[in-house]
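Please look at the sequence and the model shown below.

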Amino acid sequence: MKPTVATFVFLALVLLSSSLLQTTIAAGSSFCDSKCAVRCSKAGRKDRCLKYCGICCKDCHCVPSGTYGNKDECPCYRDKKNSKGRPKCP
């Protein structure tokens, strides 16, 4: 009987931790979505701006304030480069 109880407790912990992980991931994406919406609000190519801002936000966990500049607030965001050596993040 004891192995059955231990197995049940283990499975309950696994299920609980996976649900907490999903909540954390969802919270991270809403953070990036809201920050990138502000960052890209004045962009000429909004869809492209949102795409690359989202990629950079997921990697760096931050987005500079405002619609342009202020990249010193987030060095990871500032230092990301594309394959041609130009800044990746808007």
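A disulfide is a pair of cysteine sulfur atoms within 2.5 Å. This is a predicted model, in which local features need pLDDT of at least 70, side-chain atom pairs count only at pLDDT 80 or more, and totals for chains, interfaces and linings use all residues. Residues are numbered from 1 along each chain as its sequence is written, and side-chain values use heavy atoms, with hydrogens and water left out.

By the sulfur rule, the count comes to six disulfides. One of them is formed by Cys32 and Cys57, whose sulfur atoms are 2.1 Å apart. The torsion about the S-S bond of Cys32 and Cys57 is about -85°, so this disulfide is left-handed. It links distant parts of the chain, with Cys32 in helix H1 and Cys57 in helix H2, 25 residues apart. Helices here are DSSP runs (H or I) of at least four residues, numbered from the N terminus. Cys57 has a relative accessible area of 0% and is therefore buried; buried means under 20%, exposed over 50%, and partly exposed in between, with a 1.4 Å probe and protein chains only.

A second example joins Cys62 to Cys74, with a sulfur distance of 1.8 Å. Here the torsion is about 55°, so the disulfide of Cys62 and Cys74 is right-handed. Cys62 counts as partly exposed because its relative accessibility is 22%, whereas Cys74 is buried at 1%.

Several cysteines also belong to the largest nonpolar core, which has 12 residues, including Cys32, Cys57, Val63, Cys74 and Tyr77. Helix H2 gives the most to this core, with five residues. Such a core is a set of buried Ala, Val, Leu, Ile, Met, Phe, Trp, Tyr and Cys residues joined through side-chain atoms within 4.5 Å.

Where does Val63 lie? Val63 is found in the loop between helix H2 (46-60) and helix H3 (75-79). Its relative accessible area is 11%, so Val63 is buried. Leaving aside neighbours within four places in sequence, Val63 is in contact with residues among them Cys53, Cys57 and Arg39, where contact means heavy atoms within 4.5 Å.

Arg39 belongs to helix H1. Arg39 is buried yet has no salt bridge, and the nearest side chain of opposite charge, Glu73, is 6.6 Å away. A salt bridge requires a side-chain nitrogen of Lys or Arg within 4 Å of a carboxyl oxygen of Asp or Glu. The side chain of Arg39 does reach the backbone oxygen of Ser65, at 3.2 Å, and the backbone oxygen of Gly66, at 3.5 Å.

Terms used: Helix = DSSP H or I, 4+ residues; strand = E, 2+ residues; numbered from the N terminus. Lys, Arg positive; Asp, Glu negative; His and termini not counted. Polar contact = N/O pair within 3.5 Å; in protein donor to acceptor, adjacent residues only side chain to side chain.
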